[in-house]
Amino acid sequence: MTRYSRITGTGSYLPPRRVTNADLASELAARGIETSDQWIVERTGIRARHFAGPDVTTSDLAVQAARHAIEAAGIAAGDIDLIILATSTPDMVFPSAACIVQNKLGIAGCAAFDVQAVCSGFVYALVIADSMIKTGAASKALVIGAEVFSRILDFNDRTTCVLFGDGAGAVVLEASDTPGILSSDLHADGKHVGILCVPGTVSGGQVLGDPLLKMDGQAVFKLAVGVLEDAARAALAKAGKTAADIDWLVPHQANIRIMQSTAKRLKLPMNKVVVTVDEHGNTSAASIPLALDAAVRSGKVKHGETLMLEGVGGGFTWGAVLLDF
Ligand code: ACO
């Protein structure tokens with residue numbers, strides 16, 4: 001019998017501090033930097049984001065999302081035999097945030113590691129978990145995307161600091177006789193490292209270089225729209241499906257205009273696109289599982305529906321996963 005993987009539970013967590021565009025505009029004004037709710041909404045679709053408190057780490061957010069996903073799947077934390085955590089803002093240089101989450105869940109023994117693919121991280125992590133389940137290396141995987149991007153934002157750069165937020169989303173992916181994940185398509189092109197990066201590094205006990213996020217927004221925008229269409233079409237072709245078979249597109253929540261352009265290229269109406277960027281901002285690796293969990297808990301996404309999950313981000317990395325929910 002063919003072995004497939006299937007999402008059996010979703011969960012998410014947002015830190016309680018909700019910062020509206022107006023809140024952020026007045027914080028930036030105190031630094032002599034001008035922005036407005038109108039500019040941010042028109043260019044990005046973002047109205048608010050959540051920021052974690054200064055002592056809160058990625059693993060703190062991740063473990064809350066994980067607990068919700070485990071509860072939704074109706075399993076116990078001790079049943080988990082694989083943890084993959086996608087993040088670009090881990091608690092420490094090492095060990096991985098996944099190991100810290102494992103300990104916070106009160107379990108031990110199962111494989112646990114982080115995946116670094118920036119905003120594509122969750123899609124990468126899901127594909128790895130799917131592959132490990134299909135080979136029999138795991139049966140009940142916890143796949144998490146979690147970030148505290150507020151830590152790496154330059155609040156003197158209005159072109160980037162208004163775009164991002166903190167949060168976590170998670171799914172339980174279990175072995176199943178029926179699919180589940182139908183197909184996937186992952187890519188990277190390292191020649192674009194410079195258009196979206198945090199160039200600093202730790203060396204000799206000091207931070208060398210700039211440890212804050214740098215982005216060429218227009219270059220990212222142009223690349224993102226093209227590769228998201230290509231990845232979606234490739235995943236559909238591998239599964240012998242067309243865009244008409246998609247019930248819900250769950251894209252990386254970077255910018256409403258990127259989502260609208262992708263939907264238009266795939267000829268999908270916007271009422272088939274899950275949008276949470278307005279309330280979450282761009283939470284990088286957390287954005288897709290956060291959007292998925294919000295859509296599941298609000299009753300939008302139902303069991304049996306076909307979902308296209310799509311990520312794109314620094315690296316440049318991008319990818320898509322087509323699945324029956
Ligand atoms: N408030 C007010 N004005 C601003 C702000 C701000 N926060 N930021 C920039 N501006 C100004 C600029 O200074 C510029 O002024 P000027 O014309 O006097 O020089 C003007 O607005 C236009 O700036 P542009 O950079 O041309 O604005 P653009 O329409 O390209 O929008 C944005 C910028 C929103 C970043 C856009 O390029 C974008 O969405 N890019 C995609 C990047 C993205 O979403 N990245 C997320 C991370 S990557 C990922 O997740 C895939």
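**Entry 1: Asp 185**

I began with a pair of side chains: Asp 185 and Lys 238 are joined by a polar contact of 3.0 Å. I am working from a predicted model here, so I keep that in mind throughout. Asp 185 belongs to strand β8, which covers residues 181-188. Is Asp 185 buried or exposed? I noted it as buried, because its relative accessibility is 7% and the cut-off for buried is under 20%.

**Entry 2: Asp 324**

Next I looked up another aspartate. Asp 324 sits in strand β15, residues 317-324. I found Asp 324 buried and without a salt bridge. Which side chain of opposite charge is nearest to Asp 324? It is Lys 241, 5.1 Å away, and a salt bridge needs a nitrogen-to-oxygen distance within 4 Å. What I did find for Asp 324 is a side-chain polar contact of 2.8 Å with the side chain of Thr 306.

**Entry 3: the ligand**

I then turned to the ligand and its surroundings. There are 24 residues around the ligand, and Thr 35, Arg 43, Gln 218, His 252 and Asn 255 come nearest. For Thr 35 I noted a polar side-chain atom 2.7 Å from a ligand nitrogen. Trp 39 has a side-chain N or O atom 3.2 Å from an oxygen atom of the ligand. The backbone takes part in my list too: a polar backbone atom of Gly 217 is 2.9 Å from a nitrogen of the ligand. How much of the ligand's accessible area does the protein cover? On its own the ligand has 1,000 Å², and the protein covers 75% of that.

**Entry 4: salt bridges**

Side chains of opposite charge can pair when their charged atoms come close, so I checked how many such pairs I could list. The count is twelve salt bridges.

I looked at Arg 17 and Glu 27, whose side chains form a salt bridge of 2.9 Å from N to O. Arg 17 is in the loop between β1 (4-13) and β2 (18-20), while Glu 27 is in helix α1 (residues 21-29), and the two are ten residues apart. I noted Arg 17 as partly exposed at 42% relative accessible area, and Glu 27 as partly exposed at 36%.

Arg 18 and Glu 279 gave me another salt bridge, also listed at 2.9 Å, N to O. Arg 18 lies in strand β2 and Glu 279 in helix α9 (residues 277-280), so this pair ties together parts 261 residues apart in sequence. Arg 18 is partly exposed with a relative accessible area of 40%, and Glu 279 is partly exposed at 30%.

For Glu 229 and Arg 265 I wrote down a salt bridge of 3.1 Å, N to O. This pair links helix α7, which holds Glu 229, with helix α8 (residues 256-265), which holds Arg 265, across 36 residues. Glu 229 counts as buried because its relative accessible area is 17%, whereas Arg 265 is partly exposed at 39%.

I also found a network of salt bridges that links Asp 154, Asp 210 and Lys 214.

**Entry 5: a surface patch and a buried alanine**

Which residues make the nonpolar surface patch of about 480 Å²? I listed Val 93, Phe 94, Val 202 and Val 207. Phe 94 is in the loop between β4 (82-86) and α4 (97-104), and at 67% relative accessibility I count Phe 94 as exposed.

My last stop was Ala 243, in the loop between α7 (217-238) and β13 (248-251). Ala 243 is buried, at 10% relative accessibility. Its C-alpha atom is 9.2 Å from that of Met 308, 65 residues apart along the chain.

Note on methods. Residues numbered from 1 in each chain as written. Predicted model: local features only at pLDDT ≥ 70, side-chain atom pairs only at ≥ 80, totals over all residues. Heavy atoms only, no water. Patch = residues over 30% accessible without salt bridge, like charges linked within 9 Å, V, L, I, M, F, W, Y side chains within 5 Å. Areas by Shrake-Rupley, 256 points an atom, 1.4 Å probe, with all protein chains shown as cover. Helix = DSSP H or I, 4+ residues; strand = E, 2+ residues; numbered from the N terminus. Buried < 20%, exposed > 50% of the residue type's maximum accessible area, 1.4 Å probe, protein only. Near = heavy atom within 4 Å. Polar contact = N/O pair within 3.5 Å; in protein donor to acceptor, adjacent residues only side chain to side chain. Lys, Arg positive; Asp, Glu negative; His and termini not counted.
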